Amino acid sequence: MRRVLLAVALPAVLIAVWWVVSALAGSFFWPPLSTVLAVFPETWNADRIVGDVLPSLARLAIGYLIALVGGVVLGVAIGSFRTLRAMAEPVLEFFRALPPPVLIPVIALFAGYTGWTSKIVTIALGCLWPILLNTVDGVRSVDEVLRDTARSYRLGPVDRFLHVVLRGASPRIVTGARQALSIGVILMVISELFGANRGLGATIVQFQRGFEVPEMWTGIILLGLLGVVLSVLFRLVENWTLAWYHGQRQAERKG
Amino acid sequence: MVRAKIALVAAFALLTAACGGGGGAETTSDGTTKVTIGLIPIVDVAPVYLGIKKGFFAAEKLEITVQTAQGGAAIIPGVVSGQYQFGFSNTASLLLAGSQGLPLRVVAPGNSSTNEPGKDFGAVVVKKGSPIKSAKDLAGKRVAVNTLKNINTLTVSNAVREAGADPKSVTFVELPFPQIPEAIAKGDVDAGQLVEPFLTIVKERGDVPIVDNVTGLVVALYFTSEQFAAQNPKAVTGFTTAMKKSLDYANSHPEEARAVLSDYLKLEPAVQQKLVLPKWPSEIDRPAVQKLLDMAKTDGLITKDPDLAKLIP
Amino acid sequence: MRLWKPLAGIAIVAAAAEIVPRAGLVDARFLPPFTTMVRALGRQVVEGDFWLALGQTLGGWALGLAIAMIAGVLAGVLIGSVPFLRAVTASTIEFLRPIPSVALIPLVVLIYGSRIQSALVLVVYAAFWQVLVQVLYGVADVDPVVRDTARSFRFSRWGIVRTVVWPTALPYVMTGFRLAAAVALILEITAELIVGVPGLGRAIGVAQSSGAVPDTYALVLVVGLIGVVVNVGARAVERRTLRWHTSIRSEA
């Protein structure tokens with residue numbers, strides 16, 4: 001009971017403040033929250049959900065999965081070999097450091113702006129680097145002692161890979177995957193701002209172009225909710241895959 | 001958290017203080033007012049550059065700095081927030097902004113179509129050999145425009161409707177003017193709405209204009225914010241006077257208007273000679289504005305009448 | 001020594017970027033040969049506009065990052081160390097953090113247009129959560145045994161923060177700094193590219209829309225190199241402060 005109260009208290013206060021301040025402000029850019037909520041259902045009707053929101057999410061999912069698989073596979077490969085790691089490091093460093101939105105004009109040269117391909121490639125390329133580099137780091141930081149122990153227990157290479165390397169690196173892989181998800185959402189939106197036509201990001205731009213400020217706010221709120229839902233989903237998956245790790249930490253804490 | 005909030009609030013306060021909104025014009029000791037104008041880098045705005053060159057603005061004690069943007073929808077917020085004191089925008093975006101209650105005031109006409117069919121400064125074009133031959137064929141196709149929900153989406157939709165097809169089936173794609181020719185060539189879009197000089201550039205390579213969407217229109221206007229107009233009445237009347245002089249001058253000296261283009265556009269000499277100049281009347285054709293408003297209401301782009309007396313005094 | 005391997009890696013990629021378009025595997029209009037990009041870069045660096053844009057980008061990035069770092073670390077240590085605050089703010093942080101900062105783009109365009117404030121709001125918002133969340137992780141990672149030991153030795157609250165919490169949280173703060181620095185650069189460049197805030201991002205947009213493909217790539221290279229310098233710098237600081245950590249140890 002107390003926990004629920006604690007969790008709800010601050011958000012309730014903040015929403016109340018928003019409600020009152022926006023109602024009193026009378027500013028064109030900060031319409032009353034009541035107005036924003038009133039136009040929400042008609043703004044995000046079935047047509048917009050099917051025609052704009054779902055395609056955006058589909059592109060995000062495809063791009064993200066490509067990055068996840070590619071990042072882990074490449075990351076384990078690079079992380080396991082010192083020479084390869086040393087050679088790849090500056091190049092990876094460059095691509096990780098490159099803000100993904102600048103790729104959009106470049107990708108558009110090849111694939112145009114309007115189709116799905118350029119948007120998915122943008123999302124996948126942006127999400128790849130955090131996953132890849134965290135995997136490399138994770139594989140690298142698997143305790144040397146643990147590795148040697150596994151070797152001396154004569155675990156086969158496959159077992160060693162699955163139970164020692166991948167498992168040992170998994171907390172870092174999850175960290176990378178979490179960073180990648182937020183970059184993915186950003187790119188999902190940005191990839192639709194260039195050559196805007198349909199999609200969640202493009203719709204919000206349309207509202208801005210039409211000076212429909214309350215509708216634009218509903219878009220911002222929807223994007224926010226989407227980010228929250230995705231992060232909750234991610235948490236569920238994380239708890240499921242890293243149950244042993246959290247259990248271990250919990251045990252240490254109790255001990 | 002409290003401290004973080006204080007820090008955030010302080011940061012935000014700094015930002016808002018730095019922006020201030022609305023005002024932003026400096027006046028030097030000799031009475032010259034420094035103002036910034038937001039323009040789209042296209043042929044339409046040549047009179048501004050010509051007027052600066054001829055000293056029309058200096059004569060009104062105005063020092064003009066030009067900044068460029070992609071379309072009117074980006075310039076209007078700039079004027080409201082005080083980034084620009086004056087702006088150039090297409091008439092449809094201005095009417096739309098006015099109907100949404102944005103505090104704007106039109107101060108001078110921008111440009112109008114030549115009203116010579118087939119010889120106007122803007123059109124919808126398709127690739128050579130495209131199966132799209134008329135407005136009717138645009139149904140269900142992707143059409144590039146410089147800004148969504150502006151005069152171009154409106155007039156193209158209108159042309160499609162008049163041809164008996166469903167304008168809602170057209171997908172508009174927002175691209176800056178300079179990127180539209182490339183998108184058409186690659187098939188990234190099926191058609192594109194272009195204005196000069198891009199129209200001549202694509203015609204040179206064989207693209208075909210299929211719809212004259214600008215004919216009979218007051219295409220664009222110059223405007224300021226109500227706040228700036230209230231605080232700087234002298235600067236605004238000065239701008240109107242100088243702008244009208246510039247428009248008249250450009251209209252009566254088309255060769256000079258053509259020559260000034262190379263000051264702000266990179267053009268092949270052949271294109272510069274060939275391109276069609278718009279008309280630059282110095283009075284606003286109000287019936288034409290009303291016609292555009294009616295079109296926007298038929299289209300559903302505008303649902304509420306703007307206060308025209310306030311918007312275009 | 002160890003230097004030849006990274007250099008070899010760079011050389012291989014540069015050679016590939018030279019050969020692939022020259023051999024016609026990729027259209028050279030879309031991917032110009034590496035030397036063409038470098039020549040375009042050479043043309044750019046002698047122009048004042050380039051350095052102006054570079055300064056604008058770095059300035060906006062540094063200011064935003066600094067605000068986010070200070071706010072993030074202070075808030076993180078404070079919230080993380082006080083159980084009540086953690087309980088009250090947890091849901092709010094969980095809710096606000098995943099809101100993609102790009103959702104604010106239409107709003108800042110309306111309010112600030114293409115001035116630097118637009119970029120600053122986006123940068124601070126995005127970078128702040130990176131720092132805050134890492135600091136919170138770090139504070140939560142404090143070994144309870146050590147903390148209890150310190151408590152039983154009657155360390156003051158500030159003493160615990162300084163001697164127990166801070167050393168444990170430091171790797172996370174460094175991670176937070178590295179992530180925030182990268183995210184801040186992403187948002188700064190994004191704001192320049194999409195909103196038109198002056199800087200390198202805007203220069204990339206202008207180069208690309210005027211069909212100057214080699215210049216586009218040259219500027220993309222520059223932006224990437226800035227990112228590398230930022231990351232390598234953060235990494236160097238990290239190495240100095242965290243010499244004892246496992247992930248550093250095996251490299252030494």
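The questions and answers below go through a predicted model, taking its chains and their contacts in turn.

Q: How many helices and how many strands does chain B have?
A: In this predicted model, the secondary structure of chain B includes both kinds of element. The count for chain B comes to 14 helices and 11 strands.

Q: Why can chain B be called as compact as a globular protein of its length?
A: The C-alpha trace of chain B spans about 60 × 55 × 35 Å along its principal axes, and 55% of its 313 residues count as buried. For 313 residues the globule rule gives 20 Å, and the radius of gyration of chain B is close to that value, so chain B is as compact as a globular protein of that length. The radius of gyration on which this rests is 20 Å.

Q: What share of the contacts in chain B between residues at least 6 apart in sequence joins residues at least 24 apart?
A: The contacts considered here are those in chain B between residues at least 6 apart in sequence. Among them, the share that joins residues at least 24 apart is 81%.

Q: Which residues of α2(B) make the contact with α10(B)?
A: On the side of α10(B), the contact is made by A242(B), M243(B), K245(B), S246(B), L247(B), Y249(B) and A250(B). By class, the contact of the two helices α2(B) and α10(B) has 9 nonpolar, 2 polar and 2 charged residues. The residues that α2(B) brings to this contact are A46(B), P47(B), V48(B), L50(B), G51(B) and K54(B).

Q: Which element gives the most to the side of chain B that touches chain A?
A: In this pairing, 19 residues of chain B are in contact with 14 residues of chain A, and the residues on the chain B side divide into 10 nonpolar, 4 polar and 5 charged. At least two residues each come from α5 (91-99), β8 (171-174) and α7 (180-186) of chain B. The element that gives the most, with 4 residues, is β8(B).

Q: Which helix gives the most to the side of chain A that touches chain C?
A: Here 51 residues of chain A are in contact with 51 residues of chain C, and those on the chain A side divide into 35 nonpolar, 8 polar and 8 charged. The helices of chain A that each supply at least two residues include α1 (2-25), α4 (82-97) and α10 (213-241). The helix that gives the most, with 11 residues, is α4(A).

Q: How many strands does chain C have?
A: From the N terminus on, the elements of chain C run α-α-α-α-α-α-α-α-α-α-α, and its C-alpha atoms fill a box of roughly 70 × 55 × 30 Å along the principal axes. Of its 252 residues, 47% count as buried. Chain C has 11 helices, and its number of strands is 0.

Q: How far apart are the end C-alpha atoms of helix α1 of chain C?
A: Helix α1 (residues 4-22) of chain C has 19 residues, and at 1.5 Å a residue these should span 27 Å. The helix is followed by G24(C), whose phi is positive, near 80°.

Technical notes:
Residues numbered from 1 in each chain as written. Chains lettered and ligands numbered in written order. Predicted model: local features only at pLDDT ≥ 70, side-chain atom pairs only at ≥ 80, totals over all residues. Expected span 1.5 Å × (residues − 1). Contact = placed C-beta atoms within 7 Å. Nonpolar A, V, L, I, M, F, W, Y, C, P; charged D, E, K, R; others polar. Rg over C-alpha atoms; globule rule 2.2 N^0.38 Å. Buried ≥ 20, exposed ≤ 12 C-beta atoms within 10 Å, placed from the backbone.
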